[in-house]
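I opened my notebook for a quick tour of strands and sheets. Here is the model I looked at.

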Amino acid sequence: MKSKLLCLFVLVCIMLPIFASCKDNTSVKNDGETDQSTSPVTSDTEVVTEEPFVPDFYLVENGTSAYVIVHAEDASPTEITATTELQSYIKQISGAELPIVSDAEAPAENEIIVGKTNRESDSQFDRESLGKEGFMIDINEGRIFLVGGEDVGTLYSAYTFLEEHLGCRFYTYNFERVPQNESIGLLVCEDTQIPVIATRSTSWYDINDGAVRDKRKLNFHRTIWATGSAHTLAGLAETGDGGSVGGDPCLNDENAYQTVLKNLLRHIEAHPNTDYVSVSQTDNRVFCRCTACAESISQYGYSGHYLKFVNRIANELAVLYPDIIIHTFAYNETTMPPKGGIVPADNVMVQLTSIECCHTHPLAEYQYSDDYLSYIPEGTTFTELIKAWSSISNQIAIWDYTTSYSMYNMINPNLYVLYDNIRLFAENKVHYTYMQGNRNST
């Protein structure tokens, strides 16, 4: 045993110089600059010198500011939050505490104007084009306008102003970067941002904090799902006698259809501000195999078989609740688009999942090749699937997976592919994104 330990010690000693030789010669000084003293610049090395930042004007100069923050006299709660957050972070950065006033007071010479106030003319900003969540940041010396579509857009404009113009970074509920500068200089500019993806959600632990959701512009919790979320069909088919179908009901059973419709309407009546309801397959993949269902699956595919049922529900709801979106899945057996000319109704949102894909590479590169996936032809790409669904549907949702379920509490090494994935979604009419993560722990 001793000889084995000695051999292991010698092996470690031999390996240490190898690891040491891989170490970068650069080091970081206390002031954050990189020390290149042990790695001299050669004659063919290009040295890039950054131009010093020259602001057009100062919001804060040497710890003092002439600016005030203005909101409407009847400002909404989120507009008030936008003003107090601006005040708090500007003070944290510079030490200057800007007063907050309402537009009932006389205009000051220097103002940050938050939301819709009497400081703007009727035609100054096209608020209608911003929708519910778009915003505009209009920076000029003397007046800085943070203009939001309806309500939450104003709060988004405040956080974007803090990030993109003042250097703040909002990472987690207990980790942020707030720069320390006695002077805050700004450039004159105009910036308009309107979300391409209407509903944005994730389930990482941090979004349990409402402020984090708003800072990251995650708005799922601002919408209401009358049915809770997804995998609802078995529950909607319950008759209330305590029994369980153990899977999806027969989609050719009229009694099952009427039960689902009745329960769905009951959920909507209990949640009058509903945006979405879900009529979607259960997660245990128990499908009815009666003769009628088998024939329907053969003719239309699994997804077409489901969409016939969902479309019938959607057509009835469109009359009673024209603004409600009906959600359903393209998941496991229903992943492939329907056959036989079946397409989703206009008020149906199909959510395509990436559960079978590799999540450490961009989804645009993924090709299905596993033999056990009999419901997805080998060689099919995820890009082909998303394009096929977006070609027949007005609105597509994505259920993506950004954690590893085999190592749930570990950071999944996929941060560098998320940007490419979201670009792929945005380019293909994706209406809703859900990035599933570790919702249970930090």
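Which residue stands opposite I139 in β12? I looked it up and found C189. A reminder to myself: this is a predicted model.

**Entry on β7.** I traced the pairing behind that contact next. β7 and β12 (residues 189–193) pair in the antiparallel sense, with five bridges between them. I then turned to strand β8 (residues 143–148), which runs antiparallel to β7 and is joined to it by six bridges. In this pairing I noted M136, whose bridge partner in β8 is V147.

I also checked the hairpin of β7 and β8, where two residues sit between the strands. There, G142 takes a positive phi near 100°.

Is β7 enclosed or open to the outside? I counted buried residues, taking under 20% relative accessible area as the cut-off. Five of the six residues in β7 (135–140) are buried, so the strand is largely enclosed by the rest of the structure.

**Entry on the open sheet.** I moved on to an open sheet of six strands, which I wrote down in the order β13-β18-β17-β16-β15-β14, with parallel pairing. Its edge strands are β13 (199–202) and β14 (276–278), each pairing on one side only. From one strand to the next, the twist averages 25°.

Within this sheet I picked out β17 (residues 396–401) and β18 (residues 430–436), which are parallel and share six bridges. Here D400 stands opposite M435 in β18.

**Entry on α8.** Last, I followed helix α8 (residues 382–392), which lies across β15 (325–330), β16 (348–353), β17 and β18. I noted that α8 runs at about 175° to β16.

Conventions. Residues are numbered from 1 along each chain as its sequence is written. This is a predicted model: local features need pLDDT of at least 70, side-chain atom pairs count only at pLDDT 80 or more; totals for chains, interfaces and linings use all residues. Side-chain values use heavy atoms; hydrogens and water are left out. Buried means under 20% relative accessible area, exposed over 50%, partly exposed in between (1.4 Å probe, protein chains only). Helices (H or I, at least four residues) and strands (E, at least two) are DSSP runs, numbered from the N terminus. Two strands pair if DSSP finds at least two bridges between them. Axes are lines fitted to C-alpha atoms, for helices over the stretch in contact, and angles run from 0 to 180 degrees between N-to-C directions. Contact means heavy atoms within 4.5 Å.
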